[in-house]
Amino acid sequence: MTSTPGSAGPTAEATPPRSEPPAPGADGRIRRFSRAERWVHRVTGALMLLCVVSAGCLYVPQLAELVGRRALVVTLHEWSGLLLPVPLLLGLGSRALRADLRRLNRFLPYDKEWLRAVRRRDTRPEARPAGKFNAGQKLYAGWIAGAVLVMLGTGLLMWFTGLTPVLWRTSATFVHDWLALAIGIVLLGHIGMAYGDPQARRGMRTGSVDRAWAEREHPRWKEE
């Protein structure tokens, strides 16, 4: 390199260009959930677990005797139930979460194909077309959202005993107890399905999944 006038010597060599960052998906992984979505799922799951465990300690005599301190358990149960909708409400500030809620709320024609394949016990990937969420996940999300609202309403009727007639409180207790049992069973199924799919768990834990898994299990995701 030539010297510039007045300089004592040649100028420093040009700095070599920095290497470009890898292109998105170069490692074979694609983004599935944002940070906000993962935190909403974790906090909601923790509150739901606390609600279910405290309910068990209130209704199962063996657990009640083992734990004791019924007043504390009642308080934990009431407040964990009241706080259940809060993480989702706060998470609505996330654009990614709002987009996924729209996906979960939209039942598309190929979702019917997925359900028919499940009824026939057809496990071939091509027989179970799905977008970012399959039909089973959409049904679960809708059911659990409705169940939480019913549990919240019946729980409030049971909590504020002096504001409603006895018949209302009795009916609320009946619905609350039996729906709680149904929620416990459905949650066990949800957890079992998650543990049977390591990639789905990894997506919720880290936010990204293998591209091959996404193309196999959710082939219509690109269209969405």
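User: Let's start with one residue. Is Asp-111 buried or exposed?
Analyst: Asp-111 is buried, with a relative accessible area of 0%. Keep in mind that this is a predicted model.

User: Where is Asp-111 placed?
Analyst: Asp-111 is in helix 6, which covers residues 109-119.

User: And what is Asp-111 in contact with, leaving aside neighbours within four places in sequence?
Analyst: Asp-111 is in contact with Arg-106, Phe-133, Asn-134, Ala-135 and Lys-138, once those neighbours are left aside.

User: OK, zooming out. How many helices and strands does the protein have?
Analyst: The secondary structure comes to 10 helices and 2 strands. Along the sequence the pattern reads β-α-α-α-α-α-α-α-α-α-β-α.

User: What share of the residues is buried?
Analyst: Of the 224 residues, 28% count as buried. The protein exposes about 15100 Å². Carbon and sulfur atoms supply 65% of that area.

User: What pLDDT does the protein average?
Analyst: The average is 86, and 88% of the residues score at least 70.

User: Where does pLDDT stay under 50?
Analyst: Over residues 1-24. For that stretch the model has 6 contacts beyond four places in sequence. Where pLDDT is low, the predicted coordinates should not be read in detail.

User: Noted. Which residues make up the largest nonpolar core?
Analyst: This core has 10 residues in all: Leu-47, Met-48, Leu-84, Ile-144, Ala-147, Val-148, Met-151, Leu-179, Ile-183 and Leu-187.

User: Which helices each supply at least two residues of this core?
Analyst: Helix 1 (35-59), helix 7 and helix 8 (166-195) each do. The largest share, 4 residues, comes from helix 7.

User: What does Met-151 touch, apart from neighbours within four places in sequence?
Analyst: Met-151 is in contact with His-176, Leu-179, Ala-180 and Ile-183, with those neighbours left aside. Take Leu-179 next. Beyond four places in sequence, Leu-179 is in contact with Trp-143, Ala-147, Val-150 and Met-151.

User: How far apart are Met-151 and Leu-82 in space?
Analyst: They are 9.5 Å apart, C-alpha to C-alpha. In sequence, Met-151 and Leu-82 are 69 residues apart.

User: New topic: rings. How many aromatic pairs does a search of the whole structure find?
Analyst: The search finds 3 aromatic pairs. One of them is Trp-79 with Trp-159. Their ring centres are 5.9 Å apart and their planes are at 85 degrees, so that pair is edge-to-face.

User: Why does the pair of Trp-79 and Trp-159 tie together parts that are 80 residues apart in sequence?
Analyst: Because Trp-79 lies in helix 3 (residues 70-83), while Trp-159 lies in helix 7 (residues 135-159). Trp-159 also pairs with Phe-160. Those ring centres are 5.5 Å apart and the planes are at 20 degrees, so the pair is stacked. Trp-79, Trp-159 and Phe-160 form one aromatic cluster.

User: Which charged end sits over the ring of Trp-39?
Analyst: That of Arg-42, 5.4 Å from the ring centre. Arg-128 lies over the face of Trp-114, at 5.7 Å from the ring centre.

User: Last one. What is the phi of Arg-69?
Analyst: Arg-69 has a positive phi of about 45 degrees, although it is not a glycine. Most residues other than glycine have a negative phi. Arg-69 is in the loop between helix 2 (61-67) and helix 3. Arg-69 is exposed, with a relative accessible area of 65%.

User: And Arg-121?
Analyst: Arg-121 has a positive phi of about 60 degrees and is not a glycine. Arg-121 lies in the loop between helix 6 and helix 7. Arg-121 is exposed, at a relative accessible area of 74%.

Key. Residues are numbered from 1 along each chain as its sequence is written. This is a predicted model: local features need pLDDT of at least 70, side-chain atom pairs count only at pLDDT 80 or more; totals for chains, interfaces and linings use all residues. Side-chain values use heavy atoms; hydrogens and water are left out. Buried means under 20% relative accessible area, exposed over 50%, partly exposed in between (1.4 Å probe, protein chains only). Contact means heavy atoms within 4.5 Å. Rings of Phe, Tyr and Trp (its six-membered ring) pair if their centres lie within 6.5 Å; planes under 30 degrees apart count as stacked, over 60 as edge-to-face and the rest as tilted. A charge sits over a ring if NZ of Lys or CZ of Arg is within 6 Å of the ring centre and within 35 degrees of the ring normal. pLDDT is the predictor's confidence in each residue, from 0 to 100. A nonpolar core is a set of buried Ala, Val, Leu, Ile, Met, Phe, Trp, Tyr and Cys residues joined through side-chain atoms within 4.5 Å. Accessible areas come from the Shrake-Rupley method with a 1.4 Å probe; for residues, only the protein chains shown count as cover.
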